[in-house]
Amino acid sequence: IKLGASADLQIYHDGSNSYIDDVGTGNLRLRATNLFLQNNDNSKQYITMVDGGAVSIHHDGVAKVTTSSTGVSIAGNIANASGDLTLDVAGDIILDAGGQNIILKDDGTEFGQIYQSSNHLHIFSTINNADLKIQGNNGGATITALELDMSDAGSAYFNSTVYIPQYLTHTGDTDTYLEFGTNTINLYAGNVNAVQIVNNEV
């Protein structure tokens, strides 16, 4: 079937496949209030398009990508077989996990989680005895500013100076602590000032 003065629109079957060809000028427009692309027995949807509503892409009859007035909803996983995946937005990137856990994996193997519990933010290294490291760029060189050793109950190793505003307190015994003042260090034991160092004098 050829339509148009120059047979711009053609519908035909070549003995193996059916074709709709737009071979002329302009665009091919399919217009309907609602438009559905379906399999031949009408049992599964491929793409559904609703006037003033959602557009959905289906896999095996199940909607996987659906548009809305606020954006796009995806049912299932997003996989990229090669290359990088870039999220580039004008505003913020919001991670909202109803299960509370944001799980980090490397090629399918989990190595960490970020989650909240009892309104506290947790950063969890899930590999046995794997340390937590905070790193940065210092004059072009990568440094580890802080390392938490999980094989040693979380011992903390600082790369450089540790600045303490006033108190250094013993865990589990808050009556024992160091107090730092201007040119002064006080050692408290049992909440009593046991030792005082002032200008290098004890």
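**Entry 1: asparagine 186**

I started with asparagine 186, which counts as buried at 8% relative accessibility. My cut-offs: buried is under 20% relative accessible area, exposed is over 50%, and partly exposed is in between (1.4 Å probe, protein chains only). I am working on a predicted model, where local features need pLDDT of at least 70, side-chain atom pairs count only at pLDDT 80 or more, and totals for chains, interfaces and linings use all residues. Residues are numbered from 1 along each chain as its sequence is written, and side-chain values use heavy atoms, with hydrogens and water left out.

I placed asparagine 186 in strand β17, residues 184-189. Strands (E, at least two residues) and helices (H or I, at least four) are DSSP runs, numbered from the N terminus.

Next I looked for side-chain partners. Which side chains make polar contacts with the side chain of asparagine 186? I found asparagine 193 at 3.4 Å and glutamine 196 at 2.9 Å. A polar contact here is a pair of N or O atoms within 3.5 Å; within protein, one must be able to donate a hydrogen and the other to accept it, and residues adjacent in sequence count only if both atoms are side-chain atoms.

I then listed contacts, meaning heavy atoms within 4.5 Å. Leaving aside neighbours within four places in sequence, asparagine 186 touches Tyr177, Leu178, Glu179, Asn193, Val195 and Gln196.

**Entry 2: the three-strand sheet**

I moved to an open sheet with the order β9-β10-β11 and antiparallel pairing. Its edge strands are β9 (101-106) and β11, each pairing on one side only. Neighbouring strands are turned by 15 degrees against each other on average, direction ignored. The axes are lines fitted to C-alpha atoms, for helices over the stretch in contact, and angles run from 0 to 180 degrees between N-to-C directions.

I counted strands as paired if DSSP finds at least two bridges between them. β9 and β10 run antiparallel and are joined by six bridges. β10 (residues 109-117) and β11 (residues 120-125) also pair in the antiparallel sense, over six bridges.

Which residue of β10 is the bridge partner of isoleucine 103? It is glutamine 113. Glutamine 113 also stands opposite phenylalanine 124 in β11.

**Entry 3: positive phi values**

β10 and β11 form a hairpin with two residues between them, and serine 118 in the turn has a positive phi of about 55 degrees. Asparagine 119 sits in the loop between β10 and β11. Its phi is positive too, about 65 degrees, although asparagine 119 is not a glycine. Is asparagine 119 buried or exposed? I read a relative accessible area of 75%, so asparagine 119 is exposed.

Glutamine 100 has a positive phi of about 80 degrees and is not a glycine. With a relative accessible area of 40%, glutamine 100 is partly exposed.

**Entry 4: the five-strand sheet**

Last, I traced an open sheet of five strands, ordered β4-β5-β6-β7-β8 and paired antiparallel. Why is one side of β4 and of β8 left without a neighbour in the sheet? β4 (34-38) and β8 (71-74) are at the edges and have a single partner strand each, so one side of each stays without a neighbour. The twist averages 10 degrees from one strand to the next.

Inside this sheet I checked β5 (residues 45-50) against β6 (residues 55-59): they run antiparallel, joined by three bridges. I found isoleucine 47 bridged to isoleucine 57 in β6.
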